[in-house]
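Good morning, and thank you for coming.

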Amino acid sequence: MARISDETRRDNEAAIRHVMDRLLAGEVPAGSKCDIKTLATQAGVARTGFYPKKNRDGSPRPGPYQHLTEEFERRLAELRETGVIPDRQTAQIERLKEQVSGLKERLAARDEQIGGLTDCRERALSQIAAQRMEIERRSGSARSPRRSWPRYTT
């Protein structure tokens, strides 16, 4: 693997910082996200430079642009803490998640309300049935001492 010159590294870092500023300002290309992959692609550098490497002896060493990864993630986290989401797609996902959460709460409240109304209806029907049985019982006992009328046949 070829090493890059200091001049090329400085140029790449300048390009990365320029793209980073654009992404964090909300200028995310369509179909992309505000992430390291888009940052590397838009800056024209290999994405592997943003991650740690290993020496031949197995010891870790930072990637050439790893400090920019940390800066990008820190700045992105700061924006999110303030409520700004530069990525339209991520912002839409967050908005829809909040909307779904609100709808679930409304649905649970409606289900509870319907359950209460159903219980009330069942109690009312039960009371009506009990009152009807009581009326029938009383009217039946009132008829029993009476003489039934003869039937006329023609």
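Where is the place of Glu71? Glu71 lies in helix 3; helices are DSSP runs of H or I with at least four residues, numbered from the N terminus. This is a predicted model, in which local features need pLDDT of at least 70 and side-chain atom pairs count only at pLDDT 80 or more, while totals for chains, interfaces and linings use all residues. Residues are numbered from 1 along each chain as its sequence is written, and side-chain values use heavy atoms, with hydrogens and water left out.

Glu71 has a relative accessible area of 17%, so it is buried (under 20% relative accessible area, 1.4 Å probe, protein chains only). Leaving aside neighbours within four places in sequence, Glu71 is in contact (heavy atoms within 4.5 Å) with Arg17 and Met20.

I turn to the helix pair. The axes of helix 1 and helix 3, lines fitted to C-alpha atoms over the stretch in contact, with angles from 0 to 180 degrees between N-to-C directions, come within 11 Å and cross at roughly 15°. Helix 1 is therefore roughly parallel to helix 3, a term for angles under 35 degrees. On the helix 1 side the contact includes Glu13, Ile16, Arg17 and Met20; on the helix 3 side, His67, Leu68, Glu71 and Phe72 are among the residues involved.

How values were computed:
Helix = DSSP H or I, 4+ residues; strand = E, 2+ residues; numbered from the N terminus. Buried < 20%, exposed > 50% of the residue type's maximum accessible area, 1.4 Å probe, protein only. Parallel < 35°, antiparallel > 145°, perpendicular 65-115°, else oblique.
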